[in-house]
Amino acid sequence: MNRLLRHKNFMLIFMYFIIVFSLSYLVGTMLTLDLSLVSQILIVFAVAISAKLIVQNRVFIYIIFFIVVISRFIPDDITPQSHIYFEKLMMVLSNVYEHLFMNKLIMRENILPFWIITIAVYSIYTSFIIFRLKRGLWALLLLYIPMFIYYWYVNIRHTYSALAVFLFSYLVIYGQLKFEKEAHMTTTSSDHNFSEMTSSWHKVSLIYGALIIIIALLMPKTPNHTRWLWMESKINSMLPENHYLRLINNEYNDMVSRFNFSTTGFQQNLSVLGGPVSSGENLIMYVYADKPTYLRGTVRHNYNGSMWQTLETGNTEYPLGNALNNITPDEMDYYNEETVKVQFVNYTSTTLFSPYRTIDVHAESKDKISVSMDHIIEIPGGIYNGEEYTVTFLSTPSYYESLNTGINNSYNNLSNIGDYLDVPMDKITQRTIDLKDEIITGIEGNYEKAVAFESYLRNNYTYTLDTSVVPYGHEFIDYFLFEEKAGYCTYYATAMAIFLRLEGIPSRYVEGYVSHESSYDGVYEVRQSNAHAWVEAYIEPVGWITFEPTASYPSENRSRYDSLGSENKEEAPADEPSDETDIEKEDNETEKEEALPDNQDTAANDSENSDSTENESSTGRSVSPQNIIFYMIGLMLLTAMIPVLIKVFKYRKNEQHIDAMPDNEKIIEIYQRILKTIEVLGYPMDYGETYYEYSVRMGHQFDRLEELTDIFVKNKYGDIMPGDDEIQKFTDYRSILEEQLKNHLGTIKYYFHKYTA
């Protein structure tokens, strides 16, 4: 151990690695990196050491850039694999670019490369300060401390411990660099042998660094979170995903809990509905399914005019593997059996998000589940980050198709039907009731009325997250329908649920997530912004049916002939409704328009955009993310070359300056450069050594050094002007030494040293 401590660079390199790993580990945790601790240590060590070598030998930077650029132009038939690797690299860099500048998510297959790129950036920054500058150590704090604060704020596990490790390593490195500075500035006589003190100094740095951190950790601290509401509100408004990250973390909540809509960003106030909200884009889960799916998280029963509440209806526990309902084999013929797999990402909850009519659940290391009367499923032990489960559920055919199956679900099957019909009549305004009646004027049948409510809300109100706060004393639905006339899912679903209840149709307000953004075939990325509220209505004889009243969300085809094939649709009787009623046609047209970007208003615009795209493709080429990355690499290469070009220019100017000097000054300058070259060759002057003493000591190695030293001393201290032949001797000998240095370092390193040292 003493031998290792005595080696002046070992402790510095080891602590440098610890600093880089302390932050890299947290980044990996944030990215849900699927690597063992040993694998992470090995990768970080390899990247950190490589970065150190690159920083200390900057020529490697240009070699790497040169290889990347050249590989772009190598023909496929020469090195086919190089183009494959290059394309993979471009895909990763493109995804990183989109993540940083376009708020896109890092794809699962790119998480490891992105993590390695992040480590490389941290390592280059850190090694440049520690090994290149060897000063300005405070600059490390500018990068690391804000990152630690951020990860602590969003409750990434082990952030507190990682910060302690970082500070300990930082103090040890600080002591080491201070020691090297003192050793360089202090005389190295026999009574100040700093090389013998290295081991002792390292021990002191380790002991004092450890004591400082231990004392800080042992200082009394309160377990209660400091609530600075003003600052928290500011942070949440600027970075809404932070609020979500804090809430979903197990350590922040002290225990895993069931799904709560307030954690999604769509409900900032726990006592009233509405108001402006901002949802983040954090990835919640991956859903593996054949089509978009509503994943139910909770059901609300009681509406009081400003807020929904859940009534405790009692839960039934089932061992995993048992059927979750009492559907008879005959009734199974009415439904289609489907399967969905869900994997949590940066998420923890006891709620098992699942479609309605889930009949089977499979989850590793779980033994039982709890099911409510509304078929909300929970796993008492919770599901954690990275865990997955599979559910089998029964999908219901369309309403009109179900009528032909013989299904017969009636209100008598609802033991708590009053919970689904409850309306606060003292809160609901008369104009809300009048509007409800107006919407369904001339419409018969509960299903047709529900479709009319759904279509009316979708077509007559604007979807937005930037709503105003409902004024005090105003009923929420009334304010939405007649004053605000805009809102998000909470507004639409609440209005439709109460419309249905006012008409005597049982309804429930459902919250959860919608998986409708597919990253690739069969895989849906569910983000925080995919949190949603919708309506389920009990329509005899089918039973519970999902309705989507929110504008900008896709809805199901509600046509009477939606169960028929396309050929039958074309042959529909003229006196019967066509494929879609007028309302439904308007609904679908509105959906299409709302699904377009803001700068595209009509199908005509689509045609114009298509034409312009074709013209663009025929006349020029659009800039893709891959090309942007390629241009960025070229720009980085050019930027990296600028300092070198500047130093080459300065070197040339200095040489011209020397040539223009008076002869006596020229001798002095050339001699100093000769000594510097000899030092690089490995023969520096000792501290306090005179020029004559040094030339005598080096005489056997550099035979002409004594002669040149004699000329130099006489010229500098004796006011003797040198002749042209003496100046030529200095110039020739300098050229000889430069050639030796070139052979000693190698051509590339020699020129790199010549123009950058």
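At what angle do helix H16 and helix H18 pack, and how far apart are their axes? In this predicted model, helix H16 (residues 446-460) meets helix H18 (residues 489-502) at an angle of about 150°, and their axes are 10 Å apart. Angles over 145 degrees count as roughly antiparallel, so H16 and H18 are roughly antiparallel to each other. The crossing of H16 past H18 is right-handed. On the H16 side, the contact is made by Ala-450, Phe-453, Glu-454 and Leu-457, while H18 brings Tyr-492, Ala-495, Met-496, Phe-499 and Leu-500. Sorted by class, this contact has 8 nonpolar residues, no polar ones and 1 charged residue.

Now for another partner of H18. Helix H17 (residues 476-484) packs with H18 at an angle of about 110°, with the axes 10 Å apart. H17 is therefore roughly perpendicular to H18. Here Phe-476, Ile-477, Phe-480 and Leu-481 of H17 meet a set of H18 residues: Thr-490, Tyr-491, Tyr-492, Thr-494, Ala-495, Ile-498 and Phe-499. The class count for H17 with H18 is 9 nonpolar, 2 polar and no charged residues.

| Helix pair | Angle | Distance between axes |
|---|---|---|
| H16 and H18 | about 150° | 10 Å |
| H17 and H18 | about 110° | 10 Å |

Tyr-456, Tyr-461, Phe-476, Phe-480, Tyr-488, Tyr-491 and Tyr-492 form one aromatic cluster. The structure holds 40 aromatic pairs. One of them joins Tyr-399 and Tyr-400, an edge-to-face pair with 5.2 Å from centre to centre and 75° between the planes.

Where does Asp-422 sit? Look in the loop between helix H14 (399-403) and helix H15 (430-439). Asp-422 is partly exposed, with a relative accessible area of 30%. Leaving aside residues up to four places away in sequence, Asp-422 touches Asn-302 and Arg-501. Asp-422 and Asn-304 lie 118 residues apart in sequence, and their C-alpha atoms are 9.6 Å apart in space.

A few backbone details deserve a visit too. Most residues other than glycine have a negative phi, and most peptide bonds are trans. Arg-357, which is not a glycine, has a positive phi of about 65°. Arg-357 lies in the loop between strand E7 (349-352) and strand E8 (358-363), and is buried, with a relative accessible area of 8%. Ser-552 also has a positive phi, about 80°, although it is not a glycine. Ser-552 is in the loop between E18 and helix H19 (566-570), and counts as partly exposed at 33% relative accessibility. Glu-540 and Pro-541 are joined by a cis peptide bond, with omega about 0°. Pro-541 has its place in the loop between strand E17 (531-539) and strand E18 (543-547).

Finally, step back to the chain as a whole. The chain has 27 helices and 18 strands. Of its 757 residues, 43% count as buried. Among contacts between residues at least 6 apart in sequence, 72% join residues at least 24 apart.

Notes: Residues are numbered from 1 along each chain as its sequence is written. This is a predicted model: local features need pLDDT of at least 70, side-chain atom pairs count only at pLDDT 80 or more; totals for chains, interfaces and linings use all residues. Side-chain values use heavy atoms; hydrogens and water are left out. Axes are lines fitted to C-alpha atoms, for helices over the stretch in contact, and angles run from 0 to 180 degrees between N-to-C directions. Helices (H or I, at least four residues) and strands (E, at least two) are DSSP runs, numbered from the N terminus. Angles under 35 degrees count as roughly parallel, over 145 as roughly antiparallel, 65 to 115 as roughly perpendicular and the rest as oblique. A crossing is left-handed if the near helix is turned anticlockwise from the far one by less than a right angle, and right-handed if clockwise. Contact means heavy atoms within 4.5 Å. Ala, Val, Leu, Ile, Met, Phe, Trp, Tyr, Cys and Pro count as nonpolar, Asp, Glu, Lys and Arg as charged, and the others, Gly among them, as polar. Rings of Phe, Tyr and Trp (its six-membered ring) pair if their centres lie within 6.5 Å; planes under 30 degrees apart count as stacked, over 60 as edge-to-face and the rest as tilted. Buried means under 20% relative accessible area, exposed over 50%, partly exposed in between (1.4 Å probe, protein chains only).
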